[in-house]
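Subject: Handover of a structure

Dear colleague,

Please find below the structure that I am handing over to you.

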Amino acid sequence: DISVAAPAGFELSTDGTSYASGLTLPQSGGAVASTTVYVRLNSATEGTFGGNIAHSSADADEVDVAVSGTVAIVPTELTFQEGVSNYAGTLDTTIKYNSQSTTYGTQAYFEWDTQETSGSDTPEIGLLQFGDIFGSGADQIPLGSTIESATLRYRVYSGSNSYGDAASVHESLVSWDETTTFESFGGDAGVQTDEYDSAVVATATAESTSTYYSIDVTSSLQRWATGVANYGWIFLPDGSDSVEVHSSEATTSDYRPLLTVSYLPPTGPRIVTEGSLTAFSSEPGTPSVEQSYAVSGSNLTEDIEITAPADFEISTTSGSDFHSSLTLPRTGGSVAATTIYVRFNRASEGTSGGDITHTSEGATTQNVAVSGEAAITPDTIVFQDGLNGYSGTRDTYIWDDEPDVNHGTDTTMVQDKNTG
């Protein structure tokens, strides 16, 4: 008989259905009739494979057939554009120095400019965000993915003066929405340097009206895929020649900003947490005001176990059912993004801290840091005549020019060293 053996990664068949790493072609009367052998590449791991399919029989010279192939994960591509394929998560607006309390979220374009008023520092700053693009749902990018590429396409508005100087695109570090104004963005009016990432993601050009431009935003999408909060981008103007770009409110859907992302989903068990917690405070024995963050998981073989350090309690329900630990059950290997509520509850005065741990078999443990202080708050009582029913204040003054006059009902008190 003829023995046929394939190299690692390849499989053989004579019927195109049943495959194995080797097979035997039986001889009849010393001959093997012409037989079709089907070959396929089948590997559980990525890589390049090759070698020879060996054909051997007793006392016959071996005959080889060379084979080679590559196994690679094909990236998934998603596009996000307002009103297309049911996507409805785009936010965009302009905040303006000259109109600090005015909202522009419904405008058909957003803008950037260093001098809305020529010759003075009166910036217009554009904001753009594609929300709800990460998660375990359909048409979402799984957290933990490797971003192969991400491109933002935008179209300069059709006005005769809509084109102009470029803008430096940065990641926003503060949340905002389409009602945000110049005075309400972040902590102080305007955009402060601690409210955006210092690294320039890309330079957005706008050299011609009614023209499409694209910028590479892969770095942003990769950061956000790790669980860093996605607050979108800030378009900081580089010059005083103003620019208008079609917003998500554009009548023609193709004019709206378009985000195209190519990614490889995460492999192996993975836990992702989103959000951080500020320091807690409360009185001893009294639970603090709760804070929250989110946790999700993919490719899990076991549930996610969450454990809080001493004096902290966690729950999946706001305002109730707090415990020192809890379990998030997996469904089909995944845990959908789940809000975890946290409160501080220390019996005595003092400080506490540590990490809320998130574990699952085979997954890297994820921690969320917590700290808190329990202290007795001094009581403050305010006394003022006529306030809250208080009427115990007594005041007057005496004057040697009027030794017999009672000034207790005067509306003012006088103090003077000399009467002249």
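Two strands are said to pair if DSSP finds at least two bridges between them; strands themselves are DSSP runs (E) of at least two residues, numbered from the N terminus. The model is a predicted one, in which local features need pLDDT of at least 70 and side-chain atom pairs count only at pLDDT 80 or more, while totals for chains, interfaces and linings use all residues. Residues are numbered from 1 along each chain as its sequence is written, and side-chain values use heavy atoms, with hydrogens and water left out.

I begin with strand β15. Strand β12 (residues 164-171) runs antiparallel to β15 and is joined to it by 5 bridges; here Val169 stands opposite Phe235. Strand β10 (residues 124-130) also pairs with β15 in the antiparallel sense, over 3 bridges, and Leu128 stands opposite Trp233. Because 5 of the 5 residues of β15 (residues 233-237) are buried, the strand is largely enclosed by the rest of the structure; buried means under 20% relative accessible area, with a 1.4 Å probe and protein chains only. In a regular strand, side chains alternate between the two faces of the sheet. In β15, Trp233, Phe235 and Pro237 point one way, and Ile234 and Leu236 point the other way.

An open sheet of 5 strands was also found, with mixed pairing and the order β19-β26-β25-β21-β23. Its edge strands, each pairing on one side only, are β19 (280-282) and β23 (325-328). Strand β21 (residues 304-307) and β23 run antiparallel and are joined by 4 bridges, with Ile306 opposite Leu326.

Finally, I turn to the pockets. A pocket is an open set of points on a 1 Å grid over the protein atoms alone, where a 1.4 Å probe fits, with protein on both sides within 12 Å along at least five of seven lines; lining residues have an atom within 4 Å of a point. The largest pocket is lined by 15 residues, and Val228, Ala229, Asn230, Tyr231 and Glu274 lie nearest its centre. The second largest pocket has 13 lining residues, of which Phe80, Ser85, Asn86, Tyr87 and Asp139 are the closest to its centre.

With kind regards

Conventions. Buried < 20%, exposed > 50% of the residue type's maximum accessible area, 1.4 Å probe, protein only.
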